Amino acid sequence: MPTLTLTQQIASQALRGQNTKVTLSTAAAQANLSSLSVGMLCQGSTFSAKGYIYSIDSVGNSFEIIPAQPDFYFGAEGYLKSSVTVTVTL
């Protein structure tokens, strides 16, 4: 399956059982947000947890990921740190 690799620009909370916000650069948002849709599978580069796209801010430069079971989080140590790459399965 094709994938899209995106880089988190601003750290955001990734608490257990809560959505995590992925903020893209303006250029990456303009180039890639239109390719995303709710329900696509996501995985971070520095941890094994997976999640699904929950919402997309098509006017801005971000989208939210809802964590998948059994992990219940999408990040490490309570944060999705800046410069972490998120791979989205298209």
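Colleague: Which residues touch the most other members of the largest nonpolar core?

Modeller: A nonpolar core is a set of buried Ala, Val, Leu, Ile, Met, Phe, Trp, Tyr and Cys residues joined through side-chain atoms within 4.5 Å, where buried means under 20% relative accessible area (1.4 Å probe, protein chains only). This is a predicted model, in which local features need pLDDT of at least 70, side-chain atom pairs count only at pLDDT 80 or more, and totals for chains, interfaces and linings use all residues. Residues are numbered from 1 along each chain as its sequence is written, and side-chain values use heavy atoms, without hydrogens and water. The core has 19 residues, and those with the most contacts to other members are Leu36, Cys42, Phe63 and Val88.

Colleague: Where is Pro70 found, and what is the omega of the peptide bond from Gln69 to Pro70?

Modeller: Pro70 is in the loop between S6 and strand S7 (79-80). The bond that joins Gln69 to Pro70 is cis, and its omega is near 5 degrees.

Colleague: Is Glu77 buried or exposed?

Modeller: Glu77 belongs to the loop between S6 and S7. Its phi is positive, near 55 degrees, though the residue is not glycine. With exposed meaning over 50%, Glu77 has a relative accessible area of 70%, so the residue is exposed.

Colleague: What is the phi of Ser83?

Modeller: Ser83 sits in the loop between S7 and S8. Its relative accessible area is 58%, so Ser83 is exposed. Although Ser83 is not a glycine, its phi is positive, at about 75 degrees.

Conventions:
Helices (H or I, at least four residues) and strands (E, at least two) are DSSP runs, numbered from the N terminus.
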